[in-house]
Amino acid sequence: MVDVMTLIMIILMSIILLITNVYILVYFSHPDDKESIIGWVLKIIVILGLTLAWCQVLMVPLDVSNNRTFGGGIDMKLFWFIIFTISLIYILVIFPISSSLYETQDDWTCCEKLRHSLCMFLVMIIFFVAITAILYSTIGKTDIPIKKIEYDENCSKDLVLFDSNSPIEELSQIKCDVITNNESVELNVNIIVYSMAVLTFISWIVFALFGGIGLASVPLDFFVSFKSRPKLLTSDSIRQRKRILYDEICELRERGDELNTMETRGDNKKFFLSGARRKYNRLKNEFVSRFSLAKKEFDMLSKKNLIGENCSAVFYYLLIPLGVLSTILSLLWLIQFICSYFYIKKDGRPGYPFLSLMLIYFQDNDVSFLSFLFFSILTLYLLFCVIKGNFQFGVRILCCWAVHPMEKGKTYMNSFLFNISLILLGSMAITQFVTDCLSDYVAFTDVDTLFNTLIKNLKFFKYFYRNHVFQYIFFGVFVLSLFYMTYQVCKEQQSIKDKSLIELDKEKEKNRKKNKKIVEE
């Protein structure tokens, strides 16, 4: 039977997360979206997307509790299929249609909006269905490895004399000639499982890149934000920073006029792979990024000069415990990663379970709610790292990735949809990552069978999962990001003084271009 305390904790956490989803929507959403009917529809879609992401986190400890006693009465396999099927529909159907409908301009006709949305939908669905159909029809099978152990005849007779009550010490004294054969069993998987495998493979690309960046940047950014908290400025410094901000705003107005001219010309309505459309997207992303930076500089100058904003200083001191907590969580995942993928036993299992031991201890000692709570914190932190990594990556590579910052009271639905879809896509890889990383904790569960038995051993995919390719990419991105960001922070702190954010950003851009020119020469 499922542990009652775990079930109660899951229900309570579900209610809390649902309230949190609504609060996030109200806190960040732009007032303009309240006046449109489609805005309300998209808000429901946003809440649904967040709920689906949280559900994947909540279902893992429920699956553990359900199968800890070998049958808790809940068909968790059906639950997993339902969750992943809805996630598949959300990512491939709901997101491209709703996002393209929202992002189309007000001067577009109804036919133009529908044509644009249908184009985005068809590109997504045809690409995914074509890849899935080709792979499933050719190599849609899984090779499950098994170990066959044979004993000689004398050993078999000796073993018959022992029963389940026999001491282990006596069993260990039997000398047998053991023959071990490593074989595999080839099985067919259904199309739903294979679709999940394809989407999870794509999800791993998102998680390995953004998760690795976020795992390094989240703790660092908390301390950097505290270090750069509002401080008293001299009048000369204030005047200089206001002048720089004014020049930046004038330049942004020129960029805005240029974008408006391109929209009048219809560049934003062309096919998304065309040169004009890609140039428009690059300029638009650069404009959004620079506008966000100018807005942040304006807010900082306001806070440093308005007496009424002094109470906000309390918020910056809360960043210290948040930085300490995020540092601990990043270190825990780093240690667990090393124990799981660098220290491995001969049979392929992790050399030391580490976090699994703690979770199993809580689960088996009438404090299963602590196991659920600790597991949820660890997994939700990885989801947060994916979003943070996306913003860090998008700000630096404007021509390849869209920038969708989340700002209080100024976030439009297209940014919500993009970030929620990213969370939902990344959560699939996170679920497989924690299932593989915490294999001792999730042993004998349906999610363990799904990911570590079926999907992990699928033909073609098994070469990536058995050799931990994505996990090593994730670790490599984390190490490179940590060194790069630490170097950048130390470099900025030496020359920051009273410089504005705009000055620092231009200096970094100038240094990047200079380094690029040196490399090319």
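S427 has a relative accessibility of 2% and therefore counts as buried, the cut-off for that class being under 20%. The model is predicted. S427 belongs to helix α13, which covers residues 413–437.

Two polar partners of the S427 side chain can be named. One is the side chain of Q56, joined to S427 by a polar contact of 3.2 Å. The other is the backbone oxygen of L424, which lies 2.6 Å from a polar atom of the S427 side chain. Leaving aside residues up to four places away in sequence, S427 touches A53, Q56 and L383.

The largest nonpolar core comprises 106 residues. F207, F433 and L450 have the most contacts inside this core. Its largest share, 19 residues, is supplied by helix α7, residues 191–227. With residues up to four places away in sequence again not counted, F207 touches G212, L382, V386, A429, I430, F433 and F474.

Helix α8 spans residues 235–265 and has 31 residues. From its first C-alpha to its last, α8 reaches 45 Å. This is close to the 45 Å expected at 1.5 Å a residue. The buried residues of α8 are S237, I238, R241, I244, L245, E248, L252, L259 and M262. G266 follows the helix, with a positive phi near 90 degrees.

Terms used. Residues are numbered from 1 along each chain as its sequence is written. This is a predicted model: local features need pLDDT of at least 70, side-chain atom pairs count only at pLDDT 80 or more; totals for chains, interfaces and linings use all residues. Side-chain values use heavy atoms; hydrogens and water are left out. Helices (H or I, at least four residues) and strands (E, at least two) are DSSP runs, numbered from the N terminus. The expected span of a helix is 1.5 Å times one less than its number of residues. Buried means under 20% relative accessible area, exposed over 50%, partly exposed in between (1.4 Å probe, protein chains only). A nonpolar core is a set of buried Ala, Val, Leu, Ile, Met, Phe, Trp, Tyr and Cys residues joined through side-chain atoms within 4.5 Å. Contact means heavy atoms within 4.5 Å. A polar contact is a pair of N or O atoms within 3.5 Å; within protein, one must be able to donate a hydrogen and the other to accept it, and residues adjacent in sequence count only if both atoms are side-chain atoms.
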